Amino acid sequence: MIKVGIIGAGRIGRVHSESITKYVKGAEIKAISDVRITEELESWAKAIGIPHVYQDYKQILQDPEIDAVLVCSSTNTHAQISIEAAQAGKHVFCEKPVDADPSKIRQVLTAVEQAGVKFQVGFNRRFDHNFKAIKDRIVAGDIGDPHIIRVTSRDPDAPPIEYVKVSGGMFFDMTIHDFDMIRYLSGSEVTEVFAAGAVLVNPEIGKAGDIDTAVITLKLANGTIGVIDNSRKAVYGYDQRAEVFGSKGAVQTSNDANSTAIYSCEAGVIAEKPKYFFLERYMQSFSDEMACFVDSIVNDKPTLVNGNDGLQPVFIALAAKKSLDERRPVQLSEIV
């Protein structure tokens, strides 16, 4: 039984806690830490069977019984805590992004390699049943050579301005998942990025120095062209779709909805809206990614989303930001 410590009891930390407790065999949570301990947090932890709640995450790192650590704290702490966890001999699962600074990510990867521990990055969408079905078709050769990959990612509502101010920008807190998905589906690396962005949802986002709407085109080393479109607000729900078009055909996925029922009447044809947000849409993927992380530890296998997978989307995000600022295509070689 793998004993786990979770650092950070915010939304994603609780998602992983619930997921491990309910769905992941072979792992149990011994402790969770958060800088803000409340009665509600302690009550919740007790209710799902977590015996220890700490304010100082170092208590988790110092526990010899804990085999693995989940870094679910604020983004600006991911790299440092990952390094400390690796140096403490803990296997590390780190939420994305590891950091917005590639040099810090490289420091993490060095620490992980020196410690000889497993390291997995939280790009959970690779484990989603829809996107995995596309990948399976590509691997089977059903699509032939991929020519165009389109990824649509639109949130149901814009985040609070307080979050926008510290998130690192839309390319880092939102589009980074899509950059990873382009790499995952193409099996290739991005060589050039051109980004166009605007503030169309909330003027306060622009005042905070960010955008809320974007289209990004990407050229890849294998010749594939990628297209990503993002919006902070889709009034109809969480819009998550992808399509791969290739020399032998195409494969695409639709949004998940609460049902596939379609009502037809004189007034029109009415279908369910997409599921509202990522908790509803991707819960299965969170448990599957954690099961794979535990499996890599138990059976000494490489993690399916490794350190390089955490590094490359940050390069792409930096290139996208540079492209937006300078209004030109940016080669990844300018960033790397």
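**Close-up 1. The buried face of helix H2 and what it packs against.** The buried residues of H2 pack against helix H1 (11–23), strand S2 (27–33) and strand S3 (52–54), where helices (H or I, at least four residues) and strands (E, at least two) are DSSP runs numbered from the N terminus. A quick note on provenance: this is a predicted model, in which local features need pLDDT of at least 70 and side-chain atom pairs count only at pLDDT 80 or more, while totals for chains, interfaces and linings use all residues. Residues are numbered from 1 along each chain as its sequence is written, and side-chain values use heavy atoms, with hydrogens and water left out. In helix H2 (residues 39–47), the buried residues are Leu 41, Trp 44 and Ala 45. They cover an arc of only 100° around the axis, which puts them on the same side of H2; the arc is that of the directions from the helix axis to the C-beta atoms. Glu 39, Lys 46 and Ala 47 are exposed on the other side of H2. Here, buried means under 20% relative accessible area, exposed over 50%, and partly exposed in between (1.4 Å probe, protein chains only). Just after H2 comes Gly 49, with a positive phi of about 90°.

**Close-up 2. Helix H12 and the residue that follows.** Helix H12 (residues 283–298) has 16 residues and spans 23 Å from its first C-alpha to its last, close to the 22 Å expected at 1.5 Å a residue. That expected span is 1.5 Å times one less than the number of residues in the helix. Among the buried residues of H12 are Phe 286, Met 290, Phe 293, Val 294 and Ile 297. Just after H12, look for Asp 300: its phi is positive, at about 50°, although Asp 300 is not a glycine. As background, most residues other than glycine have a negative phi.

**Close-up 3. The salt bridge between Lys 118 and Asp 300.** Lys 118 forms a salt bridge with Asp 300, with 2.9 Å between the closest N and O atoms. Lys 118 sits in the loop between helix H5 (102–115) and strand S6 (119–121) and Asp 300 in the loop between H12 and helix H13 (307–326), so the pair ties together parts that are 182 residues apart in sequence. A salt bridge is a side-chain nitrogen of Lys or Arg within 4 Å of a carboxyl oxygen of Asp or Glu. Lys 118 is buried, with a relative accessible area of 16%, whereas Asp 300 counts as exposed at 62%. The structure holds 28 salt bridges.

**Close-up 4. Asp 210 and its surroundings.** Asp 210 forms a salt bridge with Arg 232, the closest N and O atoms being 3.4 Å apart. The pair links distant parts of the chain, 22 residues apart: Asp 210 is in the loop between helix H10 (203–207) and strand S9 (213–220), and Arg 232 in the loop between strand S10 (225–231) and strand S11 (239–246). Both Asp 210 and Arg 232 are buried, with Asp 210 at a relative accessible area of 10%. Leaving aside neighbours within four places in sequence, Asp 210 is in contact with Val 164, Gly 169, Met 170, Val 199, Ile 205 and Arg 232; contact means heavy atoms within 4.5 Å.

Close-up 5. The side chains of Arg 241 and Asp 239 meet in a salt bridge (2.7 Å, N to O). Arg 241 counts as partly exposed at 31% relative accessibility, while Asp 239 counts as buried at 1%. Salt bridges that share partners also join Arg 126, Asp 180, Arg 183, Glu 189 and Asp 309 into one network.

**Close-up 6. Two backbone spots worth a look.** A cis peptide bond joins Lys 96 and Pro 97, with omega at about -20°. Pro 97 is found in the loop between strand S5 (91–94) and H5. Arg 327 has a positive phi of about 55° although it is not a glycine. Arg 327 lies in the loop between H13 and strand S15 (330–331) and is exposed, with a relative accessible area of 75%.
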